[in-house]
Amino acid sequence: MGRVTERRRVVRIRGGVAGTRPDTLVAEEPLEIRLNGKPLAITMRTPGDDFALAVGFLVSEGVLASAAEVRAVTYCEGAAEDGSNTYNVVNVQLAPGVPLPDISLERNVYTTSSCGLCGKASLDAVRTATRFTGIAADPVRVSAALLGQLPDRLRAAQKVFDRTGGLHAAGLFTAEGELLDVREDVGRHNAVDKIVGRALQAGRLPLAGGVLLVSGRASFELAQKAVMAGIPVLAAVSAPSSLAVDLALETGLTLIGFLRRPDMNIYAGEERVTL
């Protein structure tokens with residue numbers, strides 16, 4: 001199985017003097033996600049939590065909403081030409097009676113580590129209806145002062161980032177600031193899928209009352225993943241996209257950008273943030 005980090009030789013120049021040394025890099029490998037044995041998507045990810053990543057991805061696609069809908073998640077043997085297991089192909093077997101979505105060439109996508117939903121045929125195709133419809137009515141409130149503390153708490157929990165400097169992170173917090181889960185990955189959308197997938201596996205969906213914090217920007221696909229998991233508050237340390245704001249306004253998601261203590265911009269759902 002692929003490791004989270006790998007060592008590579010690097011030439012370092014410091015003060016005009018060159019020298020060689022090993023450097024720690026974050027691992028990036030492809031993961032093919034299959035649904036009932038049929039290829040669905042390929043994502044470039046940091047190995048680890050692959051089963052959670054696969055089922056979390058299916059939550060964001062509207063296929064899954066509970067652990068009871070999953071019969072089994074397995075690595076596919078014989079994925080390599082020599083018949084060995086690469087641990088880079090995961091099959092999700094749905095439980096009996098769970099509807100199988102249409103898997104067509106239009107839907108079959110290649111997902112890079114920087115773009116979670118590239119390859120979708122149209123904007124309408126990504127506006128998947130969530131099965132958790134209570135997000136707009138979620139009564140959670142969170143203070144602006146506490147929100148300002150969360151980036152430092154997330155950064156302190158990034159174990160692999162300390163060694164590589166090359167990972168995004170997603171953290172799930174309570175409204176009181178308790179860190180419930182944190183995942184790291186080369187793709188911020190993968191980190192979110194891993195958090196959502198772990199919550200599904202633990203029977204904790206929807207994530208009502210939760211605050212999702214992501215490193216980097218808040219793109220449309222991250223806003224959609226929050227909505228699909230029933231998370232009422234999404235915060236990012238950088239900017240949101242216009243479509244992310246549109247989706248937040250449509251669904252009742254509280255969307256916060258440029259979260260850097262003590263400042264922030266609230267783009268939607270400001271009623272949930274108290275001063």
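Two strands pair if DSSP finds at least two bridges between them. Helices (H or I, at least four residues) and strands (E, at least two) are DSSP runs, numbered from the N terminus. This is a predicted model, where local features need pLDDT of at least 70 and side-chain atom pairs count only at pLDDT 80 or more, while totals for chains, interfaces and linings use all residues. Residues are numbered from 1 along each chain as its sequence is written, and side-chain values use heavy atoms, with hydrogens and water left out.

Q: How many helices and strands does the chain have?
A: Let's start with the big picture. The secondary structure of this chain comes to 7 helices and 15 strands.

Q: What percentage of the residues in the chain is buried?
A: Buried means under 20% relative accessible area, exposed means over 50%, and partly exposed is in between (1.4 Å probe, protein chains only). The chain has 275 residues, and the buried share is 52%.

Q: What share of the contacts with a separation of 6 or more comes from residues 24 or more positions apart?
A: A contact here means heavy atoms within 4.5 Å. Among contacts in the chain with a separation of 6 or more, residues 24 or more positions apart account for 53%.

Q: In the open sheet of 6 strands, which strands stand at the edges?
A: The strand order is β10-β9-β11-β12-β13-β14, with mixed pairing. Two of these strands have a single partner each, so one side of each is left without a neighbour in the sheet: β10 (179-185) and β14 (263-268).

Q: How many residues sit between β13 and β14 in their hairpin?
A: These two strands pair in the antiparallel sense over 4 bridges. R260 has D263 in β14 as its bridge partner. Between β13 and β14, the hairpin has 2 residues.

Q: Which strands does α5 lie across?
A: Axes are lines fitted to C-alpha atoms, for helices over the stretch in contact, and angles run from 0 to 180 degrees between N-to-C directions. Helix α5 runs at about 140 degrees to β10. The strands that α5 lies across are β9, β10 and β11.

Q: How far does α5 reach from its first C-alpha to its last?
A: The expected span of a helix is 1.5 Å times one less than its number of residues. Helix α5 (residues 188-201) has 14 residues, and 20 Å is expected at 1.5 Å a residue. The value in the model is close to that, at 20 Å.

Q: Why is α5 called largely enclosed by the rest of the structure?
A: It comes down to counting covered residues. The buried ones include H189, V192 and I195. Helix α5 is largely enclosed because its buried residues number 12 of the 14.

Q: How do α1 and α5 stand to each other?
A: Their axes come within 6 Å and cross at roughly 95 degrees. Among the contacting residues are F51, V55 and F57 of α1 and N190, D193 and L200 of α5. Angles under 35 degrees count as roughly parallel, over 145 as roughly antiparallel, 65 to 115 as roughly perpendicular and the rest as oblique. The two helices are therefore roughly perpendicular.

Q: Which residues of α6 do F57, V59 and S60 in α1 meet?
A: Helix α1 (residues 50-60) and helix α6 (residues 220-228) pack at an angle of about 90 degrees, with their axes 8 Å apart. The residues that F57, V59 and S60 meet in α6 are Q224, K225 and M228.

Q: How many of the residues of α6 are buried?
A: Helix α6 is mostly covered. Its buried residues include F220, L222 and V227.

Q: Is S219 buried or exposed?
A: S219 lies in the loop between β11 and α6. Leaving aside its neighbours within four places in sequence, S219 is in contact with S241 and A244. Its relative accessible area is 3%, so S219 is buried.

Q: Is G97 buried or exposed?
A: G97 is found in the loop between β6 (89-94) and β7 (109-111). Its C-alpha atom is separated by 8.5 Å from that of E69, 28 residues apart along the chain. With a relative accessible area of 80%, G97 is exposed.
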